[in-house]
Amino acid sequence: MIELSHIHRNFQVGDQTVHALDDVTLTISAGEYLSIMGPSGSGKSTLLNLIGLLDRPTSGIYRLNGQDVTSLNDSEQALVRNREIGFVFQMFHLVPRLTAAGNVELPLVLAGISPEERNQRVARVLDNLRLTDRSHHMPEQLSGGQRQRVAIARAIVTNPKVLLADEPTGNLDHKSGQDVLRILEELNARGITLIMVTHDPEMGQRARRQLHMMDGRMDSDQEAGQRGSA
Amino acid sequence: MALHSRDVARFAWDALRGYPTRTILMLTAMAIGVAAVVVLTSLGEGARRYVTSEFSSLGTNLIIVIPGRSETAGINPGTMMGETPRDLTLNDSLALTHNYSVRRISPLNIGSASVSRQNRSRDVVILGSSHDLLAIRHWELAQGQFLPQTDLERAAPVAVIGSKIRDELFGARRALGEWIRIGDRRFRVIGIMGSEGRSIGVDVQETIIIPVASAQQLFNTSSLFRILVEARSREAIEPVKQFIIDTLQQRHQGEMDVTVITQDAVLATFDRILSALTYAVGGIAAISLAVAGILIMNVMLVAVSQRTSEIGLLKALGASARQIVILILAEACLLSLLGAFAGLALGQLGSLIIRYAFPVLPAYAPVWAVVTALLVALVTGLLFSLMPARRAAGLDPVLALSKR
């Protein structure tokens, strides 16, 4: 469902051109569980942002569900982000003045969905993530693990096909991190395509497919089964 | 994707509540701007109404004849020969009665004299006039009667005194029919003026009115201070004015040595001046509104950079650039509206206090000023937020989200 072909992404830093992504070609099928690993500056976050349509490639073609999304304009891309893609960030990025339910509701508000339907969907998602009793709490009243669960609820409330997680456990203690990871894997088991950026090998190795990046290039791309046998 | 307007309003409201200090500062700025417009224009409008009503109280369809030429007409034979302008006389006044369009006429003399009764005395403004003065100036008598309708040249020893003079000379005692001394003459009190008569500078309560011939004898003069003429209708004012000019010019050997003013003209002039003043003050106050607008721009810029990551998040969640602009503008719009209405309330309160402190001044803000102030507040608020909103919409979501 995700097809990247010959993607380049260059940044201009001073008078130097940095090749954050250098000729990346990658195909990801629906329902995959993929981790992207590599040292910082290797281009793994840039790749995730590109897949999430937060960034545009300098050259190359990106097809999502067979549609060339690189040529879409700003509001068309916004629509795709809203419907097809969910984001989970390391910093949670909850809006501090909105309650947990208010945060989860945001993507539905932006989609122009009626309040009655929104309430139902938000309640269902919060229930799934065992957050019902926290729905009227402000983010500052929640623990880190709870905040990330609210963020996950927000990411999946629109029923996206792809869930992009950028260091989702980076700001959490080990136990909450395991908790969050288990939730993400459960979602993957129910059919969502999960793409996770991490620099923690222990986390990354849990994915069925592991991608290693180095200097903007794909270093290796292996299925979990193969690694053990190699 | 279309945002529901109620969601936009709620989002803006939450954003305002999320940053109370910023919100209160901006509301205050906006409110002060609007309040300044409301208070200042209500002051200007109050002054205009005050002057207008004062002039109306002079009388209706009034024409005033003043001796001398108020305009400089260059050099005329009179100045060459060192002549002074001819005085207005009682005969001039009598001559003006011969016109159907003249309803009432009243010669006027004014002076100051010492008035005494027994051991009490004080200096009082003395008006010399005639029976018609009461009707021309719409004054009312409290007691007794006004000057009798007799021959203008008859110097009857009667006086109508103001209520304050009555209090000072007679205290609680009966004044009607008593004698008082004005200058070196004795007058009998035949009437007492009501309390409400008041017009430009002359407080009727503190004057004494005697027949014009008596005043001429008292002040030893044959000239008049004014002649007041009341036309039968508004339409008759101009013909009567022309009649007065023609008659007096004829009587004064062809020389135009009087000034004839109509109350309408004076009123219109004052009205124009004071309206211009109100506009000017309103304009000055509007500048403070514009300043408030610039403040809104600054604060919205700060708000955008404060909330960079939030805007990046909204983009990641699928907000288009247009939606971001709408959300930011809604916030500014709500802020301007709240500020404007707070300012309106504040301004009306200010006007109320002014009316309370100065009851003679009908300080009501004119509708145009209120409407303009609200519109200007809203428009500046929106206009000055366009730039911050566009900046927010143009934010790179990747950079915005990477910010802590």
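What covers the buried residues of α6(A)? In this predicted model, the cover includes β3 (33-37), α5, β7 (162-166) and β8 (193-197) of chain A, and the views below begin with this helix.

**View 1. Helix α6 of chain A and its buried face.** Helix α6, residues 174-189 of chain A, has 16 residues and reaches 22 Å from its first C-alpha to its last, close to the 22 Å expected at 1.5 Å a residue. V180(A), I183(A), L184(A), L187(A) and N188(A) are buried in α6(A), and because these buried residues fall within an arc of 145 degrees when seen down the axis, they line one face of the helix. The face turned away from that buried side carries exposed residues, among them K175(A), R182(A) and E186(A). After α6(A) comes G191(A), whose phi is positive, near 120 degrees.

**View 2. Helix α3 of chain A and its surroundings.** In helix α3 (residues 100-110) of chain A, 11 of the 11 residues are buried, so the helix is largely enclosed by the rest of the structure. What covers these buried residues includes α2 (74-84), α4 (115-128) and α5 (144-156) of chain A, together with α1 (5-18) and α11 (321-357) of chain B. G112(A), which follows α3(A), has a positive phi, near 75 degrees.

**View 3. An open sheet in chain A.** Four strands of chain A form an open sheet in the order β2-β1-β4-β5, with antiparallel pairing; the edge strands, β2 (16-28) and β5 (67-68), each pair on one side only. Strands β1 (residues 2-13) and β4 (residues 59-64) of chain A run antiparallel and are joined by 5 bridges, and the bridge partner of I2(A) in β4(A) is L64(A).

Conventions:
Residues numbered from 1 in each chain as written. Chains lettered and ligands numbered in written order. Predicted model: local features only at pLDDT ≥ 70, side-chain atom pairs only at ≥ 80, totals over all residues. Buried ≥ 20, exposed ≤ 12 C-beta atoms within 10 Å, placed from the backbone. Helix = DSSP H or I, 4+ residues; strand = E, 2+ residues; numbered from the N terminus. Contact = placed C-beta atoms within 7 Å. Pairing = 2+ DSSP bridges. Expected span 1.5 Å × (residues − 1). Arc of directions from axis to C-beta.
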